[in-house]
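Please keep the sequence and the model in view while reading.

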Amino acid sequence: GIRTYFSTSNILNNVIADNRVYGVYIMYSNSSVKNNIIYNNSSYGIYNYRSETEIINNTILKNFDGRL
């Protein structure tokens, strides 16, 4: 998966799949998550903690926890 801590990130146009934990993990990072396909991860598709994250036009499905 993709993890970002304490940094601004642009996560764009990826296939993020089959990870053992989160697809995308964002902590204390103001980021953009756009135009990704995020599926079949063992926990959240996107985990966002204490961040102002822009989440636009992603396909998110079949993640174990069933939440963003």
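Ile26 touches Thr4, Ser31, Val33, Ile46, Tyr47, Asn48, Tyr49, Ser51 and Thr53, where residues up to four places away in sequence are not counted; contact means heavy atoms within 4.5 Å. The model is predicted, so local features need pLDDT of at least 70 and side-chain atom pairs count only at pLDDT 80 or more, whereas totals for chains, interfaces and linings use all residues. Residues are numbered from 1 along each chain as its sequence is written, and side-chain values use heavy atoms, with hydrogens and water left out.

**Overall build**

The chain contains zero helices and nine strands. Both kinds of element are DSSP runs numbered from the N terminus: helices are H or I with at least four residues, and strands are E with at least two. The chain has 68 residues and a radius of gyration of 11 Å, which agrees with the value near 11 Å for a compact globule of that length. This radius is taken over C-alpha atoms, and the globule rule is 2.2 Å times the number of residues to the power 0.38. Along the principal axes, the C-alpha atoms fill a box of roughly 25 × 20 × 15 Å. Of the 68 residues, 37% are buried; buried means under 20% relative accessible area, exposed over 50%, and partly exposed in between, with a 1.4 Å probe and protein chains only.

Strands of a sheet pair through backbone hydrogen bonds, either parallel or antiparallel. Two strands count as paired if DSSP finds at least two bridges between them.

**A second sheet and the core**

Another open sheet of three strands has the order β3-β6-β9, again with parallel pairing. Its edge strands are β3 (15-17) and β9 (59-61), each pairing on one side only. β3 and β6 (residues 37-39) are joined over three bridges, and Ile16 stands opposite Ile38.

The largest nonpolar core comprises seven residues: Ile11, Ile16, Val24, Ile26, Val33, Ile38 and Ile46. Such a core is a set of buried Ala, Val, Leu, Ile, Met, Phe, Trp, Tyr and Cys residues joined through side-chain atoms within 4.5 Å.

**The salt bridge**

A search of the whole structure finds one salt bridge, defined as a side-chain nitrogen of Lys or Arg within 4 Å of a carboxyl oxygen of Asp or Glu. Lys34 and Glu54 form this contact at 3.3 Å, N to O. The two residues lie 20 residues apart and link distant parts of the chain. The table lists the exposure of each partner.

| Residue | Relative accessibility | Class |
|---|---|---|
| Lys34 | 27% | partly exposed |
| Glu54 | 35% | partly exposed |
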